[in-house]
Amino acid sequence: MTQSIIINGKEHAIDVDGNMPLLWFLRDHLEFTGTKFGCGSGLCGACTVHVNGQAIRSCITPVSTLVDKKITTIEGLSENGDHPLQKAWLNNNVPQCGYCQAGQIMNAASLLAVNAAPSSEEIDTAMQGNICRCGTYQRIKKAIVEAADTLSKEV
């Protein structure tokens with residue numbers, strides 16, 4: 001019996017070695033290239049995706065541990081790239097090289113899903129594990145605050 005996982009609302013058979021990290025299943029088998037490889041050790045956050053709404057590092061998560069779970073990648077965050085975080089990222093000129101940005105956005109989305117109005121300290125704590133080599137941390141924080149404000153007005 002073939003096992004499957006749900007990625008961005010669609011079921012996908014796990015037709016690879018169960019020890020394969022989710023990152024490589026996404027990128028090499030499904031061609032979802034928005035999720036990036038950074039360190040390969042779960043330390044930088046570039047590979048962050050959601051599993052059942054929780055931010056995880058896909059580079060260290062075997063696909064076999066995800067059977068019947070719902071995975072959301074940056075491609076699945078919004079169909080048209082118009083999630084309030086994605087809009088705030090552009091409004092605040094967050095991306096520089098852009099490499100870490102999908103992971104940053106996914107981590108921020110997980111934060112805002114459980115804390116609609118995070119304090120400055122809560123944002124710092126939640127985003128602590130996501131590294132930006134270009135140092136755009138202040139713009140990232142400003143974008144998260146803007147997105148939280150936008151999301152609060154939508155309710």
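Helices here are DSSP runs of H or I, at least four residues long, numbered from the N terminus. Buried means under 20% relative accessible area, with exposed over 50% and partly exposed in between (1.4 Å probe, protein chains only).

A word on what you have open: this is a predicted model, in which local features need pLDDT of at least 70 and side-chain atom pairs count only at pLDDT 80 or more, while totals for chains, interfaces and linings use all residues. Residues are numbered from 1 along each chain as its sequence is written, and side-chain values use heavy atoms, with hydrogens and water left out.

Now step to either end of helix 3. Is His-83 buried or exposed? His-83 is buried, at a relative accessible area of 16%. Show its contacts (heavy atoms within 4.5 Å) and, beyond neighbours within four places in sequence, you will find Leu-77 and Ser-78. After helix 3 comes Asn-93, with a positive phi near 50°.

Next, colour the largest nonpolar core, which has 22 residues. Such a core is a set of buried Ala, Val, Leu, Ile, Met, Phe, Trp, Tyr and Cys residues joined through side-chain atoms within 4.5 Å. Leu-85, Trp-89, Ile-140 and Ile-144 have the most contacts inside it. Helix 2, helix 3, helix 4, helix 5 and helix 6 (137-154) each give two or more residues to this core, and helix 4 supplies the largest share, seven residues. Zoom in on Ile-144: leaving out residues up to four places away in sequence, Ile-144 touches Leu-85, Trp-89, Ala-108, Leu-111, Leu-112, Ile-123 and Met-127. A second, separate core of 13 residues includes Ile-5, Ile-7, Val-16 and Phe-25.

For the last stop, select helix 4 (residues 101-114) and helix 5 (residues 120-127), which pack at an angle of about 130° with axes 10 Å apart. The axes are lines fitted to C-alpha atoms over the stretch in contact, and angles run from 0 to 180 degrees between N-to-C directions. That makes helix 4 oblique to helix 5; angles under 35 degrees count as roughly parallel, over 145 as roughly antiparallel, 65 to 115 as roughly perpendicular and the rest as oblique. Show Gln-104, Asn-107, Ala-108 and Leu-111 of helix 4 with Ile-123, Ala-126 and Met-127 of helix 5 to see the contact.
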